[in-house]
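This report walks through one protein structure for a reader who has not seen it before. Please keep the sequence and the model at hand while reading.

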Amino acid sequence: MNSRVKGNLSGLLFCLLLQFITFTFITFAFALTAAASTNGVNTTAADAGITVSTKSPQARAYFEEGLAECQTLHLREGFALWRKAEKADPDFALVHILLSNFSRDPAERVSEREKALASRRFASHEEQLVIDWLSNSSQGRWVPAIQAMNEALEKYGNHKMVVWLGGMWLDGQRQWSRSIGLYQQALQLDPKFGDAWNSLAYCYARTGDFDKAADAMQHYADLLPGQANPHDSYGEILMMAGRYDEALGEYRTALKLDPAFIESERGMADTLAVMGREKEARQQYSAAMANMSDKVEAAQWSLLSAMTYVREGNFAAADAAFRAVAASAHQNNIGLVEAEAWRSMALYSRDASAATRDLKLAEAALREKHRIPKSLARQELASILRSRVERAVQDGRTDLAAENVKKLQELSAGSVDETVRLYYEAAAGALAVARGNYPDALSHLDENDRDLFSLVHLMQAYQKTGSASDAQRIASKLASFNEPTIEQAILVPQYRKAVALSSPDHAR
């Protein structure tokens with residue numbers, strides 16, 4: 001996990017066989033300069049970016065305006081302009097594939113992928129490779145995806161956008177140390193590539209190097225003076241570092257610069273939530289969602305609000321909130337959010353039969369006829385199976401745990417999806433701990449350093465093998481985890497209490 005990227009870039013990525021996941025709040029910068037081809041097709045070519053082809057000057061104008069919005073994380077405005085671009089030129093293949101990969105709506109991602117493939121013949125060779133790379137990966141067709149990626153990197157490796165996409169591919173698979181090397185390469189091509197600085201800062205933060213994260217974020221802020229997003233991004237990194245008051249200050253600064261920048265409203269809510277100020281967090285989530293028109297995004301934020309009750313230990317209120325999210329998601333045909341709501345309930349439920357029911361509902365929601373990219377559906381199924389293992393271990397059902405570990409192993413063996421593989425490793429490690437096979441558990445769990453249930457099992461394995469210092473290190477890592485996830489809501493508050501009780505100050 002921590003090795004640096006060396007050697008031939010395309011060869012490394014071919015071996016990694018990783019997929020591109022994009023349910024993140026990451027901006028997009030493509031350095032563009034205009035040119036026109038002799039065949040009448042307007043082409044936008046970037047000296048270290050990417051080639052963009054469209055027959056419509058109006059579509060190109062909308063596309064470039066959208067890029068400018070996306071650069072500053074005004075994604076809704078940017079995507080709206082890209083949708084105008086595709087209406088002006090229905091054969092605008094690149095805009096289709098970008099919407100397919102960056103839209104928050106799974107159904108739109110599927111429909112835009114289909115449009116990208118239908119209009120592929122109108123694109124340049126570079127664009128065709130990107131379309132083949134991203135469309136095949138979203139469908140779980142790994143061999144052609146990787147072949148296209150390798151060819152793109154070989155032929156256009158001097159284009160910062162292609163290198164950045166490689167970094168994003170690793171980033172989405174939690175391979176942050178390797179992503180760092182690719183973002184650095186993109187910055188060598190263009191030191192003013194703002195999005196690479198932003199992405200680099202997040203990678204440093206997720207590897208625990210907050211000093212380098214702050215330095216990268218300062219470079220990003222210098223490139224976008226007066227913009228809200230650098231303050232928003234830095235606020236999130238400060239939250240991850242546990243510097244809550246400073247994080248809230250950055251979010252407030254972002255909102256002063258742009259009162260409509262609702263990402264910072266949500267960022268304030270996230271910070272209040274991980275601080276333990278749950279009632280205030282719910283109020284802030286409500287304020288953010290009041291300005292949210294996108295049903296998918298509103299549903300995702302509703303999940304975050306529901307988690308606040310779990311941190312409070314108010315499980316009845318949590319159940320009511322998650323059921324409301326599941327019902328709304330079902331009504332709006334948002335299968336992934338509905339499945340996540342049921343799965344979240346199963347993880348904190350104190351009733352084994354209720355947890356079993358909720359996990360069945362999660363899988364049922366996933367198997368309904370939703371338009372979801374196959375890669376995302378496979379990952380959510382793996383997450384459900386992994387949750388079944390966790391519940392079975394907690395409930396003393398090692399037989400049931402073993403049955404679901406086997407299913408996960410089969411799912412992982414049928415794919416080269418790194419996320420699915422990590423779910424399998426986490427589940428296998430949990431089962432090994434339950435069976436008392438601690439050396440085997442350590443081999444499965446040692447690279448899942450951001451899976452909180454895996455950290456709990458890793459700590460247990462260290463305790464049982466007499467590695468008290470390692471166990472304490474893991475307990476401290478659990479206590480200092482500051483990202484608003486259901487696992488954080490379930491586990492972190494109790495570890496913070498335990499660490500506080502064991503501190504010298506408390507002892508006095």
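## Helix 7 and the overall make-up

Helix 7 covers residues 142–156, and its 15 residues should span 21 Å at 1.5 Å a residue; the end C-alpha atoms are 20 Å apart, which agrees. The expected span is 1.5 Å times one less than the number of residues in the helix. Helices (H or I, at least four residues) and strands (E, at least two) are DSSP runs, numbered from the N terminus. The model is predicted: local features need pLDDT of at least 70 and side-chain atom pairs count only at pLDDT 80 or more, while totals for chains, interfaces and linings use all residues. Residues are numbered from 1 along each chain as its sequence is written, and side-chain values use heavy atoms, with hydrogens and water left out.

Which residues of helix 7 are buried? They are Trp142, Ala145, Ile146, Ala148, Met149, Asn150, Ala152, Leu153 and Tyr156. Here buried means under 20% relative accessible area, exposed over 50%, and partly exposed in between (1.4 Å probe, protein chains only). As background, an α-helix has 3.6 residues a turn, so residues three or four places apart point the same way.

The protein contains 27 helices and three strands. It has 508 residues, of which 58% count as buried. Among contacts (heavy atoms within 4.5 Å) between residues at least 6 apart in sequence, 59% join residues at least 24 apart.

## Salt bridges

Side chains of opposite charge can pair when their charged atoms come close. A salt bridge is counted when a side-chain nitrogen of Lys or Arg is within 4 Å of a carboxyl oxygen of Asp or Glu. The structure holds 28 salt bridges.

| Pair | Closest N and O atoms |
|---|---|
| Arg83 and Glu108 | 2.7 Å |
| Glu297 and Arg104 | 3.2 Å |
| Asp395 and Arg391 | 3.1 Å |

Arg83 forms its salt bridge with Glu108. Arg83 lies in helix 3 (residues 75–88) and Glu108 in helix 5 (residues 106–118), so the pair ties together parts that are 25 residues apart in sequence. Arg83 is partly exposed, at 28% relative accessible area, whereas Glu108 counts as buried at 13%.

The second pair in the table joins Glu297 with Arg104. Glu297 belongs to helix 16 (residues 295–312) and Arg104 to the loop between helix 4 (93–102) and helix 5, so this pair ties together parts that are 193 residues apart in sequence. Glu297 is buried, with a relative accessible area of 1%, and Arg104 counts as buried at 10%. Arg104 and Glu297 are also linked with Arg76 and Glu263 in a network of salt bridges.

## Helix pairs

Axes are lines fitted to C-alpha atoms, for helices over the stretch in contact, and angles run from 0 to 180 degrees between N-to-C directions. The axes of helix 8 (residues 160–172) and helix 9 (residues 176–189) come within 8 Å and cross at roughly 170°. That makes helix 8 roughly antiparallel to helix 9; angles under 35 degrees count as roughly parallel, over 145 as roughly antiparallel, 65 to 115 as roughly perpendicular and the rest as oblique. Residues of helix 8 that meet helix 9 include Val163, Trp164 and Met168, and those on the helix 9 side include Trp176, Leu182 and Tyr183.

For helix 19 (residues 352–367) and helix 20 (residues 374–394), the axes come within 10 Å and cross at roughly 170°. Helix 19 is therefore roughly antiparallel to helix 20. Their contact includes Ala352, Leu359 and Leu366 of helix 19, and Leu381, Ser387 and Arg391 of helix 20.

Where is the place of Phe453? Phe453 is in helix 24 (residues 452–464), and at 6% relative accessibility it counts as buried. Leaving aside neighbours within four places in sequence, Phe453 is in contact with Leu347, Arg386, Glu390, Gln394, Glu487, Ile490 and Leu491. Phe453 and Ser387 are 66 residues apart in sequence and 9.8 Å apart in space, C-alpha to C-alpha.

Asn333 lies in the loop between helix 17 (315–331) and helix 18 (335–348). Asn333 has a positive phi of about 60° although it is not a glycine, and at 45% relative accessibility Asn333 counts as partly exposed.
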